[in-house]
Amino acid sequence: MSDRKRVKIIIDGKEIETYDGYSIIKAAEEAGIYIPRLCYHEGLKPDGNCRLCLVEVEGQKKPVPSCMTPVKDGMVVKTDTEALRKHRRSILEFILTDHPLDCPICDQAGECTLQDYYFKYDLEDSRWREGKVKKPKRVYWGKNLIYDAERCILCRRCIRFLDDVTKTGELGVFERGNHSYIGLFDGMKIENDYSGNLVDLCPVGAITDLDFRFKSRVWFLQKTPSICPLCSRGCNIEIHTNTDKLRNRFSSQRVFRIKPRKNMNVNKWWICDEGRYGYRFIDENRILKPIFRGREISWEEVRGKLLEIAGKDVRLYLSPWLSNEELAFWKKIANVIKWKVSLIARPDGEGDNLLRNEDKNPNRKGAEILDIREETGDEEVMIAFHFVPENTSSHRFKIGIFSNYFDGLENFDLVLPCATFAEKSGTWTNFEGIVQGFQKALEPLGESKEEGEIGEIFSHALGLSLSWNLNKYREEFEREYKKWNGQ
Amino acid sequence: MKEIKNETMIKIDSIISRYPNKRSALLEILHILQTEWGYIDREGEETVASLLGIHPVDVHEVVTFYTMYARKPVGKYRILICRNLTCTLLGGETLINYLKKKLKIEEGETTSDGKFTLETVECLGACELAPVMQINGEFYGNLTPEKIDKILEDLK
Amino acid sequence: MSLVITSWFGKVSIEEYIKAGGYEAAKKALSMSPDEVIEEVKKSNLRGRGGAGFPTGLKWSFVPKETNKPKYLCVNADEGEPGTFKDRYIMEKAPHLLLEGVIIASWAVGINKAYIYIRGEYSKIALGLERAIEEAYSKGFLGKSIFGTNFDLDVYVHRGAGAYVCGEETALIESLEGKRGNPRIRPPFPATHGLYNCPTVVNNVETISSLPSIIRNGGEWFASLGTEKSGGTKLFAVSGHVKNPGVYELPLGTSLRELIYDYAGGIRGNRRLKAVIPGGSSSPILTAEEINISLDYESLMKAGSMLGSGAVIVMDETTCIAEVLKVITRFYAHESCGQCTPCRQGTPWMAKIAERIASGKGEKGDVDLLIDIANSIMGKTICPLGDAAAMPVLAICNKFRAELEEHIREKKCPIERE
């Protein structure tokens with residue numbers, strides 16, 4: 001990007017410097033001038049069909065689509081004249097002639113570009129007096145996609161995504177004129193691993209998510225930035241939760257959906273369906289209390305049980321789902337108390353050439369930086385995080401730290417409930433060595449505790465003075481990171 | 001996959017060879033196969049898609065965009081009667097209603113004996129003969145109810 | 001009067017055509033350099049005869065000379081503009097005139113493959129063209145080393161399938177590529193990025209068919225037949241309430257009155273003229289008082305209309321203007337490809353309003369609403385179909401507002417009809 005030619009243009013009277021070849025809409029946005037748009041999306045090839053982004057360029061007779069017009073040195077652009085304002089109102093009015101007034105029952109309400117633009121740029125009554133067109137609604141497209149042809153504004157973002165990004169090309173436009181609608185070849189379904197991005201892309205409620213359908217109004221959701229834990233790419237996400245008892249009609253669902261966060265260095269604008277729909281474990285099937293040989297106990301009683309492992313040989317299996325800070329903390333404990341440390345990870349899975357990596361753990365790199373290796377041993381005591389090591393028969397006392405129930409839990413003598421990634425803050429290092437932070441979105445469910453807190457319980461029970469401190473162990477990790485990075 | 005006669009496949013191959021890109025032959029192949037199959041249905045679209053190495057959704061996109069492709073069976077004679085300006089100026093609307101009454105069908109429908117399908121179309125490019133209709137590629141102009149009677153009678 | 005095109009009508013077979021002097025111009029062009037040919041065409045002031053009226057020589061000069069991509073010629077035989085049937089006449093009655101023009105154009109621009117995109121409804125005419133092409137191949141006028149030169153030229157007929165929008169040059173190219181006829185955003189233009197993203201020239205049948213006479217008699221001769229800025233003769237397809245509908249070839253600059261009354265026989269039944277559409281349904285309507293206008297590109301543009309395809313639709317006093325508006329708006333709504341918002345949503349809206357007015361259900365403010373919708377479409381769409389839909393609405397609403405308002409007020413048509 002740095003060797004691209006710089007040009008100067010004047011936009012709304014303001015002189016700005018931008019890159020030669022940038023579209024007007026992108027140059028304007030970077031200069032803080034937002035030009036409304038429906039079919040333009042940064043991550044897709046521009047299409048110029050909605051006509052909402054038209055701007056006036058000196059020397060051009062007609063307004064031009066700013067998404068498809070590259071800037072030229074010395075160009076003079078106007079984005080906010082009276083004529084353009086009238087034009088935007090007319091485009092919105094045109095769309096609203098066929099668009100059904102589904103807002104009261106449409107999931108998109110509250111995050112709908114059409115709604116937002118109407119309030120920002122229009123607010124005039126519609127002059128449409130004819131009947132509304134009738135088209136297919138609630139068309140199931142596969143996976144979690146539902147299409148509503150009446151709401152569709154034919155911006156074609158969905159088609160362009162499947163043509164250009166996933167290159168699977170399932171969707172097309174059928175019929176002509178205002179009878180047009182988008183669909184699949186008869187009998188086919190969308191089955192690719194990135195289908196959920198279509199819901200994000202659709203500016204209106206024409207493509208909605210079956211997984212989220214009618215579950216919550218979006219203005220009741222809290223949004224917390226986080227990182228997806230399901231593979232080593234570390235796609236940036238947002239966790240959308242609703243913990244307001246009055247406004248959440250589900251007794252046990254706190255997380256309602258996962259959305260991508262834009263990060264040009266990691267996942268750009270997208271996430272895969274595994275990450276998008278793989279959030280259920282945060283609320284479902286959670287272990288809520290410590291369990292000792294099948295019996296629920298209190299954390300007080302846990303401290304008592306821990307005294308019994310003092311002085312014994314211990315193999316500590318750390319997991320690459322622990323944060324950089326937690327890994328540093330637990331490694332420190334192990335070093336002081338002379339436990340053996342190894343890594344237990346989730347097995348590899350399917351990857352692709354878009355976002356999904358075969359390594360299905362978020363922080364293997366963090367473990368590598370701290371030199372934690374996959375090894376086994378036959379020490380008397382085993383402490384395992386999140387996963388079950390092979391061949392545990394040699395260990396006589398097994399302590400497991402898990403968030404969710406699974407078959408085989410009963411093989412552990414002491415089970416300690418830990419928080420999920422959504423219930424703590426920390427950082428992970430992705431497969432390319434990028435350190436990324438995730439924020440706490442929820443309180444740990446039941447009596448589950450962050451692994452850092454659990455570490456402190458172990459430390460104090462075994463007579464160490466080490467305490468859990470996020471910042472302290474972040475600094476510790478940073479030191480190791482610099483060493484690993486050759487700095 | 002739908003069956004295609006050998007002679008037709010030869011014709012199709014020669015059409016494909018006219019273009020540096022196979023897909024360009026799509027419109028013509030659909031015309032040819034419509035003549036053979038009578039109309040283009042889902043199976044037909046799949047067959048054409050595999051002939052040209054394109055996604056069947058691309059074929060459906062084209063079939064639904066252009067007016068000349070029939071998606072369900074049509075009559076032996078497809079009557080396309082113009083409803084555009086010159087034909088309307090010269091009484092076309094009356095003739096359209098006359099045909100509907102005579103054949104006892106609405107626009108887009110086929111007579112119960114499968115002989116005639118009636119469609120109203122836009123300008124056919126024969127305005128000097130207005131009011132005009134086209135049946136299976138043949139133009140019939142300067143229409144009157146009597147002329148229409150005779151034309152339909154003569155079509156076996 | 002010099003007849004550039006119609007004098008060849010009837011010379012359908014290649015023997016008849018050659019006997020009458022056909023293909024001499026092609027031979028002459030092949031003995032000139034391509035640049036010389038382009039110069040003659042520029043001198044001739046030939047402008048696109050499909051409707052847009054773009055200077056042909058200038059269009060050709062936009063094609064890059066140096067390129068390692070193949071170049072293509074697409075002959076626009078889609079002829080969908082309501083009222084137009086002149087290209088059909090050329091292809092039916094003088095197909096070799098078109099082919100000779102194709103040879104000249106291809107030589108000038110350096111094109112070895114030409115496609116004649118003919119509308120699907122002209123299937124019989126397409127067969128005739130294929131026959132003529134076969135004849136030309138058999139005589140060595142097409143194919144490898146045509147006329148004994150080392151220039152190769154292949155010509156194919158390509159049928160459309162029913163879409164007026166495919167008469168727009170980029171939609172035509174999309175359709176030729178086997179896709180929906182969705183116009184492309186320009187820039188880039190077909191001259192650099194056309195068929196298969198290669199340099200492409202798209203020219204109308206009549207434009208191409210004018211080339212043989214330009215080469216034979218020189219560009220200046222052709223230019224002198226018309227007006228200062230519009231060279232040559234034009235085929236006018238006259239239809240509607242005239243005694244003698246048909247195709248008339250007249251020098252550009254002839255008056256509309258002359259065309260209607262002296263050539264097309266005047267109004268049938270000797271009725272009064274009410275209105276005329278001078279260049280296909282996209283061209284703004286003219287009232288009976290405006291027919292002294294000169295039929296050339298500039299004069300009509302100055303009068304707020306356009307020469308367009310030269311399809312003259314004549315309307316007498318029995319015409320209900322609300323019906324005319326209804327039929328025209330219904331056409332554009334039906335033909336909109338649906339890609340861009342203003343055309344996709346605006347054209348059916350106008351059609352619905354026009355339908356209500358014509359059927360006695362118009363409401364106060366409808367005419368102003370039509371004008372506002374049309375203005376919201378003008379200049380805002382991807383392709384000129386939006387403008388083509390808006391202009392007739394604006395013209396009819398402005399010039400015949402009283403009649404439309406009467407429809408709305410009286411809830412019925414004020415015209416007495418038999």
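Helix α8 (residues 324–337) and helix α11 (residues 470–484) of chain A pack at an angle of about 90°, with their axes 8 Å apart. Axes here are lines fitted to C-alpha atoms, for helices over the stretch in contact, and angles run from 0 to 180 degrees between N-to-C directions. α8(A) and α11(A) are therefore roughly perpendicular to each other, a term for angles of 65 to 115 degrees; under 35 counts as roughly parallel, over 145 as roughly antiparallel, and the rest as oblique. On the α8(A) side, the contact uses N324(A), E325(A), A328(A) and F329(A). α11(A) brings L470(A), Y473(A), R474(A), E476(A) and F477(A). Two residues are in contact if their C-beta atoms, placed from the backbone, lie within 7 Å. By class, this contact has five nonpolar, one polar and three charged residues. Ala, Val, Leu, Ile, Met, Phe, Trp, Tyr, Cys and Pro count as nonpolar, Asp, Glu, Lys and Arg as charged, and the others, Gly among them, as polar.

The model is predicted: local features need pLDDT of at least 70, side-chain atom pairs count only at pLDDT 80 or more, and totals for chains, interfaces and linings use all residues. Residues are numbered from 1 along each chain as its sequence is written, while chains are lettered from A and ligands numbered from 1 in the order in which they are written. Helices (H or I, at least four residues) and strands (E, at least two) are DSSP runs, numbered from the N terminus.

Chain A also holds an open sheet of three strands. Its order is β6-β7-β10, with antiparallel pairing. Two strands pair if DSSP finds at least two bridges between them. The edge strands, β6 (139–142) and β10 (207–209) of chain A, each pair on one side only. From one strand to the next, the twist averages 35°. β6(A) and β7(A) (residues 145–147) run antiparallel and are joined by three bridges. V139(A) stands opposite Y147(A) of β7(A).

Now chain C. Its secondary structure comes to 17 helices and nine strands. The radius of gyration of chain C is 22 Å, close to the 22 Å of the globule rule for 418 residues, so the chain is as compact as a globular protein of that length. That radius is taken over C-alpha atoms, and the rule is 2.2 Å times the number of residues to the power 0.38. The C-alpha trace of chain C spans about 70 × 45 × 40 Å along its principal axes. Of the 418 residues, 62% count as buried. Buried means 20 or more other C-beta atoms within 10 Å of a residue's own, exposed 12 or fewer, and partly exposed in between, with C-beta atoms placed from the backbone.

One residue of chain C deserves a look. Q339(C) sits in the loop between α13 (321–335) and α14 (341–358) of chain C. Q339(C) is buried, because 31 other C-beta atoms lie within 10 Å. Leaving aside neighbours within four places in sequence, its contacts are N49(A), N182(C) and I382(C).
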